[in-house]
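Please find below my note on the model under review.

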Amino acid sequence: MATRLKNLSDFSDTAIPSAAPYRFGIVVSEWNSGITNALYGGAYQSLINHGTLPDNIFTYQVPGSFELTAGADLLLKNLKLDAVICLGCVIQGETKHFDFICQAVANGVSNVAIKYSKPVIFGVLTTDNQQQAEDRAGGIHGNKGDEAAVTAIKMASLAEILN
Ligand code: DLZ
C-alpha cells in the first residue's frame with residue numbers, strides 16, 4: 001500500500017504492494033512483435049506474481065506504438081480499470097519516423113493518464129537497434145515489461161489512496 005511520507009527519514013525503496021485488488025489493462029503493439037510479445041510475457045507474469053487475478057487483466061493488441069495512446073484511451077473509457085500498461089518497441093530507422101512515433105506516444109500516454117486521473121505506464125522500448133531491444137526484453141538488461149507492471153501496481157496503489 002502506498003503511504004504518505006511524514007518525515008525526511010521515511011524515504012526508502014518501497015515494497016511492491018499486493019496487486020490483488022486491482023484491474024489492469026495492457027495494450028501491446030504488433031510492430032516488432034518478437035520483442036513486444038516478450039514484454040507482454042514479462043508484464044503479465046509480473047502482475048500474476050504480485051497477486052493479480054487473470055480475469056482482472058484485459059489485454060488488447062494495436063498495430064503499432066503510435067496506436068498505444070488511442071488503445072489506452074479506449075480501455076480507460078470503456079472498462080473499469082485501475083491502470084493501463086502500454087507496451088511497444090520502436091527501433092531507430094533511416095527516417096525521422098522514429099522521432100515522431102516516440103514523441104507522439106510519450107506525450108499521448110501522459111495525456112491519457114491526466115485525462116482519466118489513472119496511471120498509464122510507458123512500457124515502450126526506444127532503441128538504436130534490434131540487439132538493444134532484445135537486451136531489454138528478457139535479455140541482459142532484464143525485461144522492461146516486468147518493470148512496467150511493477151510501476152503500474154505501485155501507481156494503482158497510489159491512485160487508490162488519493163483518488
Ligand atoms: C511505421 C512504423 C515504423 C517505421 N516503425 C515502427 C516501430 O519501430 N515500432 C512501432 O511500434 N511502430 C512502427 N511503425 C508503425 C507506427 O507505430 C503506426 O502503427 C503507423 O504509423 C500507423 O499509424
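**Note on the fold**

1. Helix 5 (residues 144-162) lies across strand 1, strand 3 and strand 4, and runs at about 155° to strand 3. Contact here requires C-beta atoms, placed from the backbone, within 7 Å. Angles run from 0 to 180 degrees between N-to-C directions, with axes fitted to C-alpha atoms, for helices over the stretch in contact. Helices (H or I, at least four residues) and strands (E, at least two) are DSSP runs, numbered from the N terminus.

2. The model is predicted: local features need pLDDT of at least 70, side-chain atom pairs count only at pLDDT 80 or more, and totals for chains, interfaces and linings use all residues. Residues are numbered from 1 along each chain as its sequence is written.

3. Four strands form an open sheet with parallel pairing, in the order 2-1-3-4; pairing requires at least two DSSP bridges between two strands. At the edges are strand 2 (57-62) and strand 4 (120-127), each pairing on one side only. Neighbouring strands of this sheet are turned by 15° against each other on average, direction ignored.

4. Strand 1 (residues 24-29) pairs with strand 2 in the parallel sense over six bridges. Serine 29 has valine 62, in strand 2, as its bridge partner. Helix 3 (residues 97-116) also packs on the sheet, touching strand 3 (83-91) and strand 4, and its direction makes about 170° with that of strand 4.

5. The chain comprises five helices and six strands, in the order β-α-β-α-β-α-β-α-β-β-α from the N terminus.

Technical notes: Two residues are in contact if their C-beta atoms, placed from the backbone, lie within 7 Å.
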